[in-house]
Amino acid sequence: MAQKITKREQDYSQWYLDVVREAKLAEHSPVRGTMVIRPTGMGLWENMRNALDTMFKETGHENAYFPIFIPKSFLSKEAQHVEGFAKECAVVTHSRLKAVDGGVEVDPDSRLEEELIVRPTSETIIWDTYRNWIQSYRDLPILINQWANVVRWEMRTRLFLRTMEFLWQEGHTAHATREEAVAETKQMLEVYRTFAEEYMAMPVLTGVKTESERFAGAEDTYCIEALMQDGKALQAGTSHFLGQNFAKAFDVTFQDSDGEHKLVWATSWGVSTRLIGGLIMTHSDDSGLVIPPKLAPTQIVIVPIYRNDEQRATVLEYGSALMDELKAEGIRVKLDDRDNYKPGFKFAEHEAQGVPLRIAVGPRDVENNNVELARRDTFEKNIESREGLVPKVKSLLEIIQDDLYKTALKRREELTSIVDSYEEFKKVLDDKGGFIYAHWDGTAETEELIKNETKATIRLIPFGDGEEGTCMVTGKPSKKRVVFARSY
RNA sequence: CGGGGAGUGGCGCAGUCCGGUAGCGCAUCCGCUUUGGGAGCGGAGGGUCGCAAGUUCAAAUCUUGUCUCCCCGACCA
């Protein structure tokens with residue numbers, strides 16, 4: 001069997017790229033750091049988007065759309081925010097090209113009066129808009145989400161994990177009180193956690209970012225943090241309590257019920273196509289993509305097996321009847337009736353693309369009223385009776401979903417360590433990787449030192465109270481352990 | 001942006017050192033035989049060698065510039 005996918009233990013980065021390619025999720029586009037998301041990848045994103053969108057609606061949010069172009073002056077209004085994003089903004093300076101012998105060049109006469117920023121995130125344009133929408137406490141809260149593309153001029157890119165243009169959702173809410181905004185921030189973090197666990201089958205830790213890892217312009221950044229198979233962490237989603245920073249910068253005030261004019265409290269929260277990268281590195285194996293049934297664009301593929309036209313007709317009839325029955329149950333199913341590929345080839349191809357369940361039907365199955373069921377995640381194959389197959393298959397999809405989560409959780413637990421000394425910390429980091437719970441004195445200096453010496457960062461500070469101790473580096477007191485890891 | 005590697009039919013590569021007008025495997029198309037784990041045989045199509053300049057009688061090959069990708073670092077979701 002030809003091996004088109006590099007083995008994980010041989011070269012994890014190459015394996016990741018091979019999986020993306022063989023699963024037909026995406027490919028590089030001519031401009032550095034940009035990608036074409038292919039139908040399979042987009043199908044996956046659409047399923048993720050639909051699930052999230054439903055959850056956003058259920059928590060009272062509405063979708064809106066704000067422009068991709070932002071006046072340059074807006075970016076400079078919130079100091080932290082500028083500092084965070086200034087270095088990675090694409091700027092539109094001209095409005096047209098002109099033809100010159102055989103090609104085109106930028107028309108110098110078309111220089112814009114005010115240059116435009118291609119949004120790296122939309123806080124500024126949104127808060128500029130909210131100012132006009134908010135006058136009274138009766139206008140609050142504003143609970144809006146948008147699905148959009150954003151551009152960040154990254155130095156080093158990887159398909160899905162970090163691209164210059166990516167698709168995401170950004171929620172932007174406005175509230176009358178601090179408490180309400182904080183509650184919103186936490187609620188949306190919970191939405192992300194639920195989505196990651198229940199749909200992506202990806203266990204995540206939740207917590208607060210340290211000051212150095214915080215979103216530019218936020219008072220607090222909460223995050224969900226996942227652990228990849230190679231022991232590196234991935235920030236999978238963030239929810240920010242923005243305090244009154246943007247309200248101050250954009251002068252967004254409201255008259256409260258007590259007659260006082262007050263600054264609005266804000267949140268923003270987002271997840272991106274980066275989640276697809278996380279999904280790949282959580283479940284996939286050396287045969288290709290593995291994706292949870294709830295998100296799989298195709299949940300079941302039916303592969304017919306035959307020796308001649310007569311058998312082909314019989315088997316296809318049997319297979320398409322089964323397909324119709326599965327479709328009627330709302331299952332996303334395909335019948336692979338291509339005649340120019342052999343079954344073995346199709347098996348390998350659908351495995352590479354991560355279809356969770358395969359049903360093979362051949363003349364023997366038709367005769368015995370059977371099918372062969374094969375699980376993508378475990379490669380387990382069984383002959384099953386055609387009678388009662390549909391409910392069996394439905395529950396099997398649920399079992400696969402569940403098993404993927406359990407397997408991922410077990411691996412995360414195995415890759416999680418608790419250490420007390422810096423020596424041990426370094427050893428665990430190099431030998432095993434993963435999440436490491438350790439005491440830290442709470443200073444940016446110590447955090448920086450650890451990062452410089454070990455490349456590990458504080459992924460999050462867990463919520464709530466923890467066991468007190470002393471910092472593994474400085475010996476100063478620590479209120480609780482924080483989570484370290486090397487990360488993507 | 002610094003260090004390293006690489007761009008040659010759709011994909012993977014050889015050819016580059018030592019210039020002489022492009023080849024292999026897979027894929028594609030046609031035909032026949034096949035089909036329960038990536039089919040076999042026969043035939044056919046497809047490349048201005050990433051792009052741009054330069055050197056030369058002659059450039060995939062030498063020189064310079066530039067773009068893109070991969071790995072490692074600094075930055076970030």
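Select H61 first, in the loop between α2 (39-58) and β3 (62-63); helices (H or I, at least four residues) and strands (E, at least two) are DSSP runs, numbered from the N terminus. The model is predicted: local features need pLDDT of at least 70, side-chain atom pairs count only at pLDDT 80 or more, and totals for chains, interfaces and linings use all residues. Residues are numbered from 1 along each chain as its sequence is written, and side-chain values use heavy atoms, with hydrogens and water left out.

H61 has a relative accessible area of 3% and is therefore buried (under 20% relative accessible area; exposed is over 50%, partly exposed in between; 1.4 Å probe, protein chains only). Show the side chains of T59 and E184 next. The H61 side chain makes polar contacts with both, at 3.0 Å to T59 and 2.7 Å to E184. A polar contact is a pair of N or O atoms within 3.5 Å; within protein, one must be able to donate a hydrogen and the other to accept it, and residues adjacent in sequence count only if both atoms are side-chain atoms.

Now select W45, F56, W147, Y192 and W269, a cluster linked by ring pairs. Rings of Phe, Tyr and Trp (its six-membered ring) pair if their centres lie within 6.5 Å; planes under 30 degrees apart count as stacked, over 60 as edge-to-face and the rest as tilted.

Finish with R358, whose charged end sits over the ring of F347, 3.8 Å from its centre (NZ of Lys or CZ of Arg within 6 Å of the ring centre and within 35 degrees of the ring normal). K294 lies over the face of Y199, at 5.0 Å from the ring centre.

Terms used
Chains lettered and ligands numbered in written order.
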